[in-house]
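Here are my notes on this model, point by point. Please read them with the coordinates open.

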Amino acid sequence: MKLPWKYILVSVLIGLFMGGAAGLFWCPRIEGHWTKKSAEMFLKRLDHEVHLSDNQRSQVNAFLTANRIKVAAYQDEIRQEARSQIRAILNPDQQPSFDAMVARHDAERKKRENP
């Protein structure tokens, strides 16, 4: 039995649509997981390949944790600077809508980071 090419094309498009929808749904959840676990995964890989001592492992872990905190602070600084530049460009009647959007975004990000 030979399937017409139209059925195959429709099936492929449905698969692409379903995969894209699943990616959009799960992407915010996965993003937070990978950023939180990346230092731990790097430490495990480093230990596996270099064979760290307990003292070295704790020092590297402390270094990675401190750097993650620095990066988060730097990201917040960049985010605030960009927001102030965008707000300066907007008209006075657009600014309240922008402020509400920023507040929603911050609440969503805070909820993702602290479930």
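Is the crossing of α2 and α3 left-handed or right-handed? The points below start there.

1. Handedness and geometry. This is a predicted model. In it, the crossing of α2 and α3 is right-handed. The two helix axes come within 11 Å and cross at roughly 160 degrees. Helix α2 covers residues 54-89, and helix α3 covers residues 95-113. An angle over 145 degrees counts as roughly antiparallel. The pair α2 and α3 is therefore roughly antiparallel.

2. Who makes the contact. On the α2 side, the residues are Asp76, Arg79, Arg83, Ile86 and Arg87. On the α3 side, they are Gln95, Phe98, Asp99, Val102, His105, Asp106 and Arg109. By class, the contact has 3 nonpolar, 2 polar and 7 charged residues. Keep that make-up in mind for the next two points.

3. Arg83. This arginine sits in helix α2. Its relative accessible area is 11%, so Arg83 is buried; the cut-off for that label is under 20%. Which residues does Arg83 touch, leaving aside those up to four places away in sequence? They are Phe98, Val102, His105 and Asp106. Each of these four is also listed on the α3 side of the helix contact.

4. Arg109. Is Arg109 buried or exposed? Its relative accessibility is 16%, so Arg109 counts as buried. With residues up to four places away in sequence set aside, Arg109 touches Asp76 and Arg79. Both Asp76 and Arg79 belong to the α2 side of the contact.

5. The chain as a whole. The chain has 3 helices and 0 strands. From the N terminus on, the elements run α-α-α. Of the 115 residues, 8% count as buried. Arg83 is buried, and Arg109 is too.

6. Which residue has a positive phi although it is not a glycine? That is His51, with a phi of about 60 degrees. His51 lies in the loop between α1 and α2. Its relative accessibility is 61%, so His51 counts as exposed. Please look at this residue in the viewer.

7. Confidence. The chain averages a pLDDT of 84. A score of at least 70 is reached by 86% of the residues. Where is confidence lowest, and where is it highest? It is lowest in helix α1, residues 5-50, at a mean of 78. It is highest in α2, at 90. Where pLDDT is low, the predicted coordinates should not be read in detail.

Note on methods
Residues are numbered from 1 along each chain as its sequence is written. This is a predicted model: local features need pLDDT of at least 70, side-chain atom pairs count only at pLDDT 80 or more; totals for chains, interfaces and linings use all residues. Side-chain values use heavy atoms; hydrogens and water are left out. Axes are lines fitted to C-alpha atoms, for helices over the stretch in contact, and angles run from 0 to 180 degrees between N-to-C directions. Angles under 35 degrees count as roughly parallel, over 145 as roughly antiparallel, 65 to 115 as roughly perpendicular and the rest as oblique. A crossing is left-handed if the near helix is turned anticlockwise from the far one by less than a right angle, and right-handed if clockwise. Contact means heavy atoms within 4.5 Å. Ala, Val, Leu, Ile, Met, Phe, Trp, Tyr, Cys and Pro count as nonpolar, Asp, Glu, Lys and Arg as charged, and the others, Gly among them, as polar. Buried means under 20% relative accessible area, exposed over 50%, partly exposed in between (1.4 Å probe, protein chains only). pLDDT is the predictor's confidence in each residue, from 0 to 100.
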